[in-house]
Amino acid sequence: MTVKPKIDPLIRVEDKLYQNRYQVDAGRPHITVKPHDKPSPALLALTRVCPAKCYEETETGQVEITADGCMECGTCRVLCEATGEIEWNYPRGGFGVLFKFG
Ligand code: SF4
């Protein structure tokens, strides 16, 4: 008797993330990047480590965030805790990520 795996080994992380839904709190982002001349290495690293790819570096070398797809994993909060370059809060009730495990 053959047992089928419960998880498809060919499914990509992006496919799983696509299952999530977001309730965007328009005009009230729950994470903001404070004004800066030059980003610290920690802030710059967020352009590579944020799993939702919320952070990006602009042509002028600034780091910006679009928090609409944030999964509230807290990676950026931990990484920039010492530098104080971001303001991090949970979204207001009823807003933010809605995880779907499917
Ligand atoms: S909490 Fe996680 S998903 Fe949200 S912006 Fe920070 S690193 Fe990205």
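**Notes on the model**

1. Of the 13 residues around the ligand, those that come nearest are Cys 50, Cys 70, Cys 73, Gly 74 and Cys 76; near means a heavy atom within 4 Å. This is a predicted model, where local features need pLDDT of at least 70, side-chain atom pairs count only at pLDDT 80 or more, and totals for chains, interfaces and linings use all residues. Residues are numbered from 1 along each chain as its sequence is written, and side-chain values use heavy atoms, with hydrogens and water left out.

2. The shell around the ligand holds 10 nonpolar, two polar and one charged residues. Here Ala, Val, Leu, Ile, Met, Phe, Trp, Tyr, Cys and Pro count as nonpolar, Asp, Glu, Lys and Arg as charged, and the others, Gly among them, as polar.

3. The largest pocket contains about 230 Å³ of space, the volume being that filled by probe spheres set on grid points joined across faces, edges and corners. A pocket is an open set of points on a 1 Å grid over the protein atoms alone, where a 1.4 Å probe fits, with protein on both sides within 12 Å along at least five of seven lines; lining residues have an atom within 4 Å of a point.

4. Lining the largest pocket are 18 residues, with Asp 25, Arg 28, Pro 29, His 30 and Asp 68 nearest its centre. Both β1 (21-23) and β6 (96-98) give two or more residues to this lining. By class, the lining has 10 nonpolar, four polar and four charged residues.

Technical notes: Helices (H or I, at least four residues) and strands (E, at least two) are DSSP runs, numbered from the N terminus.
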